[in-house]
Amino acid sequence: MHSHLIVLIFEREEEASGVYDALQQMRGSPLLGLEYAAVVTKDGRGRLAVFQKRELSRSGVDPHDDLVNPTIALLFGDPPEEMMQALTEKGFDDRFREQVFQALGDNSSALLFLITHDSNVERSQLLGILTLFKGQVFETTFPQEVEAVLAKGWKA
C-alpha cells in the first residue's frame, strides 16, 4: 500500500488559495481529498509560507499528522542529506522534489493533496477535477517505507 501526493503549481501567489476555496464549495463527497491539503505561497523575495487546510477529526488526533507536515517540509524545506538518502533508498523519487521546488517561482503558489492509503478519495477523479483549474500538476506515490521514514524522522 502507498499514499499519493498531488501538487498543483500556480503562477500567482493567491491562486492556490482561491482554488482551495472553490473546491471547498464544490465539496459534496470525500472525492476531493481536502482532508490533507495545504497551500504554499512564495512571495517576490522568495519567502515561503504554508497554510495547512486540514479539518480536525472528531477525536482531534489524526494518525496522518506525522506524515503531512514532514511532506510539506520535504518538498519546500532543506532536508538533511541523511534524510534524503534514507528516503531515496526506500523508494522516494528526489527528481519529483526538485521539479516541484523549481516550478514554484517567485510570486506563485502551490496546492498539495496527500491521499493516504486508507482514504476514500478516488485519485483519478480528483485529478480530473484539478485539471479544470489550469495549474501545473505533479504527482508521486509514497511507498509505506517512505512514509515510515517521514513519520519518524523529520526535524525542521
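This is a predicted model: local features need pLDDT of at least 70, side-chain atom pairs count only at pLDDT 80 or more; totals for chains, interfaces and linings use all residues.
**Helix α1**

Select residues 15–26, which form helix α1. Display the C-alpha atoms at both ends: they are 17 Å apart.

Now show the side chains of A16, V19, Y20 and L23, the buried residues of α1. They cover an arc of only 100° around the axis, which puts them on the same side of α1. An α-helix has 3.6 residues a turn, so residues three or four places apart point the same way.

**Helix α4**

Move to residues 94–103, helix α4. Begin at the N-terminal end, which is capped by D93. A side-chain oxygen of D93 lies 3.0 Å from the backbone nitrogen of R95.

Next, select F96, R97 and V100, the buried residues of this helix. Their arc around the axis is only 100°, which puts them on the same side of α4. Turn to the other side of α4 to find R95 and Q102, both exposed.

**R97**

What does R97 touch beyond residues up to four places away in sequence? Select L74, L75, G77, P79, M84 and F92 to see these contacts. For L74, display the backbone as well: its oxygen lies 2.7 Å from a polar atom of the R97 side chain.

Most residues other than glycine have a negative phi.

Go to N107, in the loop between α4 and β4 (108–115). N107 has a positive phi of about 60° although it is not a glycine. Its relative accessible area is 39%, so N107 is partly exposed.

Finish at K134, in the loop that runs between α5 (123–130) and β5 (136–143). Here phi is again positive, at about 65°, and K134 is not a glycine. How exposed is K134? Its relative accessible area is 71%, over the 50% cut-off, so K134 counts as exposed.

Technical notes
Residues are numbered from 1 along each chain as its sequence is written. Side-chain values use heavy atoms; hydrogens and water are left out. Helices (H or I, at least four residues) and strands (E, at least two) are DSSP runs, numbered from the N terminus. Contact means heavy atoms within 4.5 Å. A polar contact is a pair of N or O atoms within 3.5 Å; within protein, one must be able to donate a hydrogen and the other to accept it, and residues adjacent in sequence count only if both atoms are side-chain atoms. Buried means under 20% relative accessible area, exposed over 50%, partly exposed in between (1.4 Å probe, protein chains only). The expected span of a helix is 1.5 Å times one less than its number of residues. The arc is that of the directions from the helix axis to the C-beta atoms.
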